[in-house]
Every structure is written in C-alpha cells, then in structure tokens.
Amino acid sequence: MNKINIYSIFFFMIFGGIAAFAQKTSSLVSKETSITFYSNAPLEDIEAKSTLAASAMNIKTGDIIFRVKNTSFQFDKKLMQEHFNENYMESDKYPLAEFKGKIEGVEKLIHEGNYTLNVKGNLQVHGVTKIYTTAAIFNVKSGIIKANTSFQIRLADHRITIPSIVGKKIAEVVKISVDALYKQ
C-alpha cells in the first residue's frame, strides 16, 4: 500500500471512531442559554438578561446543570448593573450562580414531541444553596432539544438583603426565566 492509502485509512479510523462515539454519547450541550430575572416592585420594574450562560444535560441520567457569571447580566441602566454586582450579588465574592439537578421523566426526551417535565435540584446563588422544583417545557425535534422554564426565588432565602430605602424599587421575590437550546 502506498502512503496515501495508509493515511486515508488512518484518517477514517480516527474520525469514524469519534463520530461513532458522538452518536452514542448521551450528553447534550447548550451554547445558546439565556437567563433572565425580573423584579416587579411598586415603584420600578427591573429586568436583566445574560446570554452568556452555559448548560449541559445527560438524556440518560437526567442530570442537568446551568451556570452563569453574575457580571454577565445586562441591565437597561448602567447604575442598576453596578448596584446588582457590587451591593446585592457581591459578584467579586460570589462570581457564579449555578443550578445542578435532575429531570424527572427524562426518558421521554429521546422521542420527538413536546413535554412538560419537573426539574428538581440545588440552586446556588450568593453563596447559599437551596432546593427548587419547577416544571420545564421541552421541545424535541431533529435531535435538538429546546427547553424553557421560569420560577420564583425569594432574595432573602439567598441572603440577599434589600435596604429599606430602596425596598419599593426591588421586589422581595424575583422571577427567573431560563431558555436553552441543546445539541449533540
């Protein structure tokens, strides 16, 4: 055999093996994950969004994780962003927020369709971990899974204090929304 044929065989063995492994893997990654929070208070509504969140799920075990850098949230007003990072989230001390949990009924996600499944896990925000359960909507089509959910968190549960002077501008309970697009 000449060198070209040997290299061709070697090339197809390596890349064919990687492709076969990728087809058998049960982990899906979302590079398109956004997390939004919304505070509805008597004097002011506050909304911030991060499109730099990351997520992964295992469709065999149901394990799921979301992670976001606190400083990646964008606000309409620069001062709000500064207060969020310095005064409330203390982003220098607690740079990340993270959810690790399990999708109940994950076996349904191997079939195309729309599914509402419970997700239960630990949300770590501001150095405090708390268990949350929420319903998430999954849309499975052509090997791609779209997921979205929203739930509420009480800021005091994560030791985030709101000074009384701004109490009417920031809600005690905020809505968290998550959207992710998973691909192999």
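How many helices and strands make up the secondary structure of the protein chain? In this predicted model, the chain comprises two helices and nine strands.

**View 1. Overall fold of the protein chain.** The order of elements along the sequence is α-β-β-β-β-α-β-β-β-β-β. Of the 184 residues, 39% are buried. The accessible surface amounts to about 11,500 Å², and carbon and sulfur atoms account for 57% of that area. Among contacts between residues at least 6 apart in sequence, 58% link residues at least 24 apart.

**View 2. The largest nonpolar core and the surroundings of Phe-138.** This core contains 43 residues. Met-57, Ile-103, Leu-109, Phe-138, Ile-145 and Tyr-182 have the most contacts inside the core. Beyond its neighbours within four places in sequence, Phe-138 contacts residues including Met-57, Ile-103, Leu-109 and Ile-145. Gly-113, Asn-114, Tyr-115 and Lys-146 are also among the contacts of Phe-138. In soluble globular proteins, nonpolar side chains tend to be buried together.

View 3. Strand 3 spans residues 63-69. Ile-64, Phe-66 and Val-68 form its covered face, whereas Asp-63, Ile-65, Arg-67 and Lys-69 lie on the uncovered one. Side chains in a regular strand alternate between the two faces of the sheet.

**View 4. Pairing partners of strand 3.** Strand 2 (residues 45-58) runs antiparallel to strand 3 and is joined to it by four bridges; Ala-54 has Arg-67 of strand 3 as its bridge partner. The hairpin of these strands has four residues between them, and Gly-62 adopts a positive phi near 85°. Strand 5 (residues 96-103) also pairs with strand 3 in the antiparallel sense, through seven bridges. Here, Val-68 has Ala-97 of strand 5 as its bridge partner.

Notes:
Residues numbered from 1 in each chain as written. Predicted model: local features only at pLDDT ≥ 70, side-chain atom pairs only at ≥ 80, totals over all residues. Heavy atoms only, no water. Buried < 20%, exposed > 50% of the residue type's maximum accessible area, 1.4 Å probe, protein only. Contact = heavy atoms within 4.5 Å. Areas by Shrake-Rupley, 256 points an atom, 1.4 Å probe, with all protein chains shown as cover. Core = buried A, V, L, I, M, F, W, Y, C linked by side-chain atoms within 4.5 Å. Pairing = 2+ DSSP bridges.
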